[in-house]
Amino acid sequence: MTHRVAVIGAGITGLTAARRLCQDARLQEQNVEITVYEASDRIGGKVITYRDERLTLEGGPDSILARKPAGIKLLRELGLASEVVEQNPASTHTYIVKDGKLRSMPQGTHMAIPRDISTFMQSDVLSAQGKLRTLFDLLLPRTDLSKDVSLGQFLRTRLGDEWVDGLAEPLLAGIYAGNIDELSLHATWPQFGQLADEYRSLIIGARSMRPKAATAPATQNGRSAFITVKGGLETVIERLADELEPNVTIKKSHHITKLEQTAEGYQLTVETKGDVTTATFDAVLVCTPVKAMKQLLDVHLPARSKQFDVPYVSTATVILGYPADSVDVDLSHASGFLVPRTENRAITASTWVSSKWPHTTDERFVILRCYVGRAGQQTYLSLDDAEMARLVQSEVRELVGLSASPVFHKVTRWNDAMPNYPVGHLRQWANLEADIRASLPGVWVAGGGYRGLGLPDCIVHGEEVAKAALSYLTQQVRSR
């Protein structure tokens with residue numbers, strides 16, 4: 001008997017789900033016919049690499065967090081272990097903007113939480129009053145975290161407003177392009193809650209981690225906390241597609257507009273180039289952003305799951321390429337800078353690509369990649385590409401002192417692309433999963449909008465729903 005499975009969405013989650021399903025079905029001697037539908041004209045989702053004979057530049061994520069093993073494991077399984085590149089160890093310094101100037105991130109910290117108090121007190125990022133307020137964390141009673149709160153509310157209570165606005169917000173909320181006072185603590189940075197629960201004080205908890213940091217390697221395979229591959233992260237997508245090609249059908253520019261439950265399974269309505277067709281499957285893996293998922297599933301779910309929602313934020317990346325012989329500022333020692341929202345700038349952060357990832361360019365260029373847009377600061381995204389590039393170049397000149405003119409720029413826009421998990425997200429997500437299991441057996445949901453937006457998180461989620469789907473199909477056969 002052949003099982004038919006549809007995977008909706010060909011980002012990293014959908015592709016790894018299809019791969020795992022294909023592999024496990026082969027091992028269990030199950031016949032599974034897999035079709036991957038992608039609404040856009042390309043696969044890979046947010047992973048996109050621009051290449052020519054001189055450059056390898058990322059328009060989306062530029063690295064994989066190495067402490068989460070799923071990413072490294074996938075690279076090895078795809079035969080890319082020899083292509084892995086670690087962040088340049090000579091460029092790990094990070095700056096933060098304060099009052100229009102680059103300041104060094106405080107030393108002796110863990111995720112900006114003081115570990116070495118004497119070193120932290122020497123920083124010029126916070127005022128004397130702000131630093132003293134941060135140290136109140138040592139005296140405060142344990143925070144009750146039995147209920148979810150916003151990341152900002154928790155950290156402001158422990159470490160103060162100035163620490164949050166000047167350090168935590170750009171460092172921690174910046175990953176989500178979000179507002180720190182609206183993001184869920186439990187869904188975004190649960191490790192802070194765990195530190196507070198175990199040690200009462202975040203500072204005491206951070207200090208307790210110092211011996212571990214001194215003796216343990218930063219990753220399981222090397223020194224760097226971040227890795228990529230020589231040909232760019234789109235190499236991973238290409239390798240996945242090559243591996244899937246003999247056994248999995250990938251249909252680009254195919255938009256799924258409806259999912260209906262029938263006696264034969266799940267019927268999908270498919271639109272492509274003006275044509276409308278239907279196809280029926282025994283199981284469906286919905287690996288899409290939340291809005292697209294809700295358009296398909298809400299009609300089948302009870303009221304509490306209709307309320308499930310995750311705001312998405314639009315952003316853009318602006319790559320600037322400068323001729324190296326015109327750059328008179330030494331950028332080789334640092335990976336870039338962060339910009340607090342209180343600075344009211346177009347740039348929210350900048351990666352000095354040619355310093356952090358020197359393999360991506362030859363010596364003729366100095367490459368900077370800047371990020372524009374976050375929750376509550378979307379105005380600059382209304383500029384056209386040329387205007388945005390000019391504004392970003394102007395801010396780079398002012399902040400970094402880089403007076404040369406770029407010889408090229410590349411703008412990549414990500415509309416409604418960054419999920420911002422609201423307070424209570426994990427409870428709402430658990431309810432949604434339970435309701436799907438009850439109302440739509442044979443349907444699973446996975447992706448960055450639900451349980452972690454990093455590439456390793458998406459890989460894990462995709463593989464988990466693939467295993468669950470195969471188990472369901474196997475049980476269906478046994479019950480007949």
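Me: Is A25 buried or exposed?
Reply: A25 is buried, with a relative accessible area of 3%. Keep in mind that this is a predicted model.

Me: Where is A25, and what does A25 touch beyond its neighbours in sequence?
Reply: A25 belongs to helix α1. Setting aside neighbours within four places in sequence, A25 is in contact with Q30, V32 and L470.

Me: And how far is A25 from R369?
Reply: Their C-alpha atoms are separated by 42 Å, and the two residues are 344 residues apart along the chain.

Me: Staying with α1, at what angle do α1 and α11 pack?
Reply: The angle is about 35°, and the axes are 10 Å apart. For orientation, α1 covers residues 12-27 and α11 covers residues 234-244. The crossing of α1 past α11 is left-handed.

Me: Which residues make that contact?
Reply: From α1 there are I12, L15, T16, A18, R19 and Q23, and from α11 there are V236, I237, L240, E243 and L244. Sorted by class, the contact has seven nonpolar, two polar and two charged residues.

Me: Nice. New topic: how many residues of α5 are buried?
Reply: Seven of the nine residues in α5 (residues 151-159) are buried, so this helix is largely enclosed by the rest of the structure. The buried ones are L151, G152, F154, L155, R156, R158 and L159.

Me: What covers them?
Reply: The cover includes β10, α4 (128-135), α6, α7, α8 (190-199) and α9 (202-208).

Me: What happens just after α5?
Reply: G160 sits there and takes a positive phi of about 100°.

Me: You listed α6 in that cover. What does α6 span between its end C-alpha atoms?
Reply: α6 spans only 14 Å, whereas a straight helix of 12 residues would span 16 Å at 1.5 Å a residue. The buried residues in α6 are W163, V164, G166, L167, A168, E169, P170 and L172.

Me: How about α16, what does that one reach from first C-alpha to last?
Reply: α16 (residues 425-439) reaches 21 Å with its 15 residues, close to the 21 Å expected at 1.5 Å a residue.

Me: Which residues of α16 are buried?
Reply: They are H425, W429, L432, D435 and I436. These residues cover an arc of only 125° around the axis, which puts them on the same side of α16. R427 and A438, on the other side of α16, are exposed.

Me: Why would residues a few places apart point the same way?
Reply: An α-helix has 3.6 residues a turn, so residues three or four places apart point the same way.

Me: Let's look at loops. Where is A177?
Reply: A177 is in the loop between α6 (161-172) and α7 (185-188). With 7% relative accessibility, A177 counts as buried. Leaving out neighbours within four places in sequence, its contacts are V313, T315, G373, R374, A375, M418 and N420.

Me: And Q87, buried or exposed?
Reply: Q87 counts as buried, at 11% relative accessibility. Q87 is in the loop between β6 (84-86) and β7 (93-98). Beyond its neighbours within four places in sequence, Q87 is in contact with T92, S224, F226, S335, K356 and W357.

Me: Last one, on backbone angles. What is phi for M111?
Reply: Phi of M111 is near 50°, which is a positive value in a residue other than glycine. M111 is in the loop between β9 (109-110) and β10 (113-114), and with a relative accessible area of 28% M111 is partly exposed.

Me: And phi of N344?
Reply: Phi of N344 is near 55°, again a positive value in a residue other than glycine. The loop between β18 (334-338) and β19 (347-351) holds N344, and N344 is exposed, with a relative accessible area of 55%.

Methods:
Residues numbered from 1 in each chain as written. Predicted model: local features only at pLDDT ≥ 70, side-chain atom pairs only at ≥ 80, totals over all residues. Heavy atoms only, no water. Axes fitted to C-alpha atoms, helices over the stretch in contact; angles between N-to-C directions. Helix = DSSP H or I, 4+ residues; strand = E, 2+ residues; numbered from the N terminus. Left-handed = near helix turned anticlockwise from the far one by under 90°. Contact = heavy atoms within 4.5 Å. Nonpolar A, V, L, I, M, F, W, Y, C, P; charged D, E, K, R; others polar. Expected span 1.5 Å × (residues − 1). Buried < 20%, exposed > 50% of the residue type's maximum accessible area, 1.4 Å probe, protein only. Arc of directions from axis to C-beta.
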